[in-house]
Amino acid sequence: MVIYNVTIKVAWQIADEWLQWMQQTHMPGMMASGCFVSHQLVRLLDIDEAEGPTYAAQFTAHSKQQIDDYLEQYSPTLRQQGYDKWGDQFIAYRTIMQVVQ
């Protein structure tokens, strides 16, 4: 299993509305790509929240190829929707991780 992780710091001014949009619109849109088998949204604790809360959206796929397919076919449009809606009121960085058990 492989995890596509997006860590996002959100400005306090949009935090509540952004969280609702993330849970009701953006994450379901990513899941609709068919590239992921599960997802979760977590809030980071014990960090400086002076500028806003930080979240990690994690999407699990069976293979790296599925994540590559998502990044090529779906990510540009979905990512742009976030920038169109929220502009520079958030910062996001992405990582791909392999589950090791």
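Where does glycine 52 lie? I began here, working with a predicted model, and I found glycine 52 in the loop between β2 and β3. I then looked up how far it is covered, and because its relative accessibility is 0%, I noted glycine 52 as buried.

**Entry: the core**

I next looked up the largest nonpolar core, which has 25 residues, and I wrote down Tyr4, Ile8, Trp18 and Phe36 as those with the most contacts inside it. When I asked which elements build this core, I found that β1, α1, β3, α2, α3 (75–86) and β4 (90–98) each supply at least two residues. The element that gives the most to the core is α1, with 6 residues.

**Entry: aromatic rings**

How many aromatic pairs are there? I noted a count of 8. One of them joins tyrosine 4 and tyrosine 70, whose ring centres are 5.7 Å apart with 55° between the planes, so the pair is listed as tilted. This pair links distant parts of the chain, since tyrosine 4 is in strand β1 (residues 2–10) and tyrosine 70 is in helix α2 (residues 64–73), 66 residues apart. Are these two tyrosines buried or exposed? Tyrosine 4 counts as buried because its relative accessibility is 3%, and tyrosine 70 is buried with a relative accessible area of 2%.

I then turned to phenylalanine 36 and phenylalanine 59, which form a tilted pair at 5.3 Å centre to centre, with 45° between the planes. This pair also links distant parts of the chain, with phenylalanine 36 in the loop between α1 and β2 and phenylalanine 59 in strand β3 (residues 54–61), 23 residues apart. I looked up the cover of both: phenylalanine 36 has 6% relative accessibility and therefore counts as buried, while phenylalanine 59 is buried at 0%. Putting the rings together, I noted that ring pairs link Tyr4, Phe36, Phe59, Tyr70 and Tyr74 into a cluster.

**Entry: charged side chains**

The structure holds 2 salt bridges. In one of them, glutamate 49 is joined to arginine 43, with the closest N and O atoms 3.0 Å apart. Glutamate 49 is partly exposed, with a relative accessible area of 24%, and arginine 43 is partly exposed at 39%.

Lysine 64 forms a salt bridge with aspartate 68, and here the closest N and O atoms are 2.8 Å apart. I saw that both residues lie in helix α2, 4 residues apart, which is about one turn of the helix. Lysine 64 counts as partly exposed because its relative accessibility is 42%, and aspartate 68 is partly exposed at 28%.

I also recorded a charge beside a ring: the charged end of lysine 85 sits over the ring of tryptophan 86, at 5.1 Å from its centre.

**Entry: a surface patch**

Last, I looked at the outside, where Met1, Val37 and Val99 form a nonpolar patch with about 220 Å² of accessible area together. I located valine 37 in the loop between α1 (15–31) and β2 (38–43).

How values were computed:
Residues numbered from 1 in each chain as written. Predicted model: local features only at pLDDT ≥ 70, side-chain atom pairs only at ≥ 80, totals over all residues. Heavy atoms only, no water. Patch = residues over 30% accessible without salt bridge, like charges linked within 9 Å, V, L, I, M, F, W, Y side chains within 5 Å. Areas by Shrake-Rupley, 256 points an atom, 1.4 Å probe, with all protein chains shown as cover. Salt bridge = Lys/Arg side-chain N within 4 Å of Asp/Glu carboxyl O. Phe/Tyr/Trp six-rings, centres within 6.5 Å; stacked < 30°, edge-to-face > 60°. Buried < 20%, exposed > 50% of the residue type's maximum accessible area, 1.4 Å probe, protein only. Lys NZ or Arg CZ within 6 Å of the ring centre and 35° of its normal. Core = buried A, V, L, I, M, F, W, Y, C linked by side-chain atoms within 4.5 Å.
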